[in-house]
Amino acid sequence: MIETLRNTRDLPDHALAELLETPDLSLARRLEASAREVCLQVKGPRVLVRALIEHSNMCRNNCLYCGIRRGRASVKRYSLSPEEILGCCARAWRDGVHTFVIQGGENPVQARALLPVVKEIRGRYPHAAITLSLGELPFELYSAFKEAGATRYLLRHETANPEHYASLHPAGMTLESRIGCIKELKRLGYETGMGMMVGSPGQTTRNLIEDLRLMQEIRPHMIGIGPFIPQDGTPFENCPPGSAQTTLRLISILRLMFPSANIPATTALAVLLPGGKEAGIRAGANVIMNVYTPETERLKYDLYKGKTSRNV
Ligand code: 5AD
């Protein structure tokens with residue numbers, strides 16, 4: 001039915017749904033092989049490594065799925081000092097990892113305190129890429145970070161369906177606001193990443209196609225997706241996890257839709273599936289994010305069950 005899989009951009013919704021759901025393993029294999037080939041042609045025979053620095057797990061939000069949500073009392077909260085963050089960068093640089101990803105819970109006050117740290121990193125490593133992943137912040141702060149030397153920003157949209165978004169987040173958080181931030185980041189000239197959890201509670205195949213269409217509209221430079229994994233002590237603790245197979249098929253569809261995007265094989269995929277990072281690469285991903293958070297704090301960045309025991 002689907003003759004050529006060179007590009008998934010122009011496929012109608014029903015064909016995308018077929019790729020996601022088909023039990024026909026020969027079609028699934030063709031999807032994966034096409035994505036791998038396009039990845040090799042466009043991104044070259046290499047896997048890019050990023051240094052993930054989880055600077056703080058303090059978060060003002062209470063997202064129903066998330067292990068560092070404000071309301072999860074068992075979380076020991078921490079935030080790295082500027083020296084600790086600079087130490088992570090130094091270790092990464094020595095390892096030949098020249099992209100620093102500073103990620104943390106959403107917290108505008110702490111985020112602002114990172115401004116001089118980003119400036120310092122830029123001064124010490126003029127050729128590094130500095131990626132931030134700090135959630136929704138005032139636009140003025142996004143702009144100040146750009147001035148300070150940040151070059152990239154990751155902000156997952158989580159789901160492109162407003163009702164589904166509302167069912168995953170507390171009142172007050174809206175998809176509209178999230179998308180407004182993503183568009184502003186692009187406008188400011190950041191290399192911008194978005195993405196969704198796969199198999200979050202209530203998600204349908206239709207929703208996933210809405211995610212793909214939203215990304216076709218916004219055209220992110222980076223796309224991070226991973227399966228939902230329930231975390232103890234969250235409202236979704238008893239929900240089933242997302243599917244590794246669907247995640248892998250989505251990676252392939254995304255590679256064929258956005259050939260030059262940077263797409264990581266995420267830790268969540270590796271938690272759900274042994275060898276998941278390698279499987280993600282085979283499916284068309286080209287980025288690995290290695291955790292450089294100091295050992296002492298790593299266990300506290302507990303987004304989903306199994307994450308902290310599986311840092312590569
Ligand atoms: N399962 C999988 N991914 C999760 N995230 C947060 N909680 C979970 C979970 N339970 C992801 C979200 C967020 C990123 C930092 O981690 O997509 O954007």
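The following dialogue examines how terms are applied to this predicted model.

Tutor: The model is predicted, so local features need pLDDT of at least 70 and side-chain atom pairs count only at pLDDT 80 or more, while totals for chains, interfaces and linings use all residues. Residues are numbered from 1 along each chain as its sequence is written, and side-chain values use heavy atoms, leaving out hydrogens and water.

Student: Why is Ser34 called buried?

Tutor: Buried means under 20% relative accessible area, exposed means over 50%, and partly exposed lies in between, with a 1.4 Å probe and protein chains only. Ser34 has a relative accessible area of 16%, and is therefore buried. Its place is in helix 2; helices (H or I, at least four residues) and strands (E, at least two) are DSSP runs numbered from the N terminus.

Student: What is Ser34 in contact with, leaving aside its neighbours within four places in sequence?

Tutor: Contact means heavy atoms within 4.5 Å. On that basis Ser34 is in contact with Leu5 and Leu256.

Student: Why is Ser26 called partly exposed?

Tutor: The relative accessible area of Ser26 is 40%, so Ser26 is partly exposed. Ser26 also lies in helix 2, which covers residues 25–43.

Student: What makes the pair Ser26 and Asp24 a polar contact?

Tutor: A polar contact is a pair of N or O atoms within 3.5 Å; within protein, one must be able to donate a hydrogen and the other to accept it, and residues adjacent in sequence count only if both atoms are side-chain atoms. The side chains of Ser26 and Asp24 are joined at 2.9 Å. For Ser34, a polar side-chain atom lies 2.9 Å from the backbone oxygen of Arg30.

Student: How do you know that strand 1 pairs with strand 9?

Tutor: Two strands pair if DSSP finds at least two bridges between them. Strand 1 (residues 48–56) is joined to strand 9 by 5 bridges, and the two run parallel. Among the partners, Val49 is bridged to Ile288, and Ala51 stands opposite Asn290. Strand 1 also pairs with strand 2 over 5 bridges in the parallel sense, where Ala51 stands opposite Phe100.

Student: Why is strand 1 described as largely enclosed?

Tutor: Of its 9 residues, 7 are buried, so strand 1 is largely enclosed by the rest of the structure.

Student: What is the strand order of the open sheet?

Tutor: The open sheet of 7 strands has the order 7-5-4-3-2-1-9, with parallel pairing.

Student: What makes a group of residues a nonpolar core?

Tutor: The group must be a set of buried Ala, Val, Leu, Ile, Met, Phe, Trp, Tyr and Cys residues joined through side-chain atoms within 4.5 Å. In the largest nonpolar core, of 91 residues, Phe100, Ile121, Leu132, Phe145 and Tyr153 touch the most other members. Helix 10 (residues 244–257) gives the largest share of this core, 8 residues. A second, separate core of 7 residues includes Leu154, Met222, Val287 and Val291.

Student: Which residues are around the ligand?

Tutor: A residue is near a molecule or strand if one of its heavy atoms lies within 4 Å of it. The residues around the ligand include Tyr65, Arg156, Glu158 and Tyr304. A polar side-chain atom of Glu158 lies 2.5 Å from a ligand oxygen atom, and one of Arg156 lies 2.8 Å from a ligand oxygen atom.
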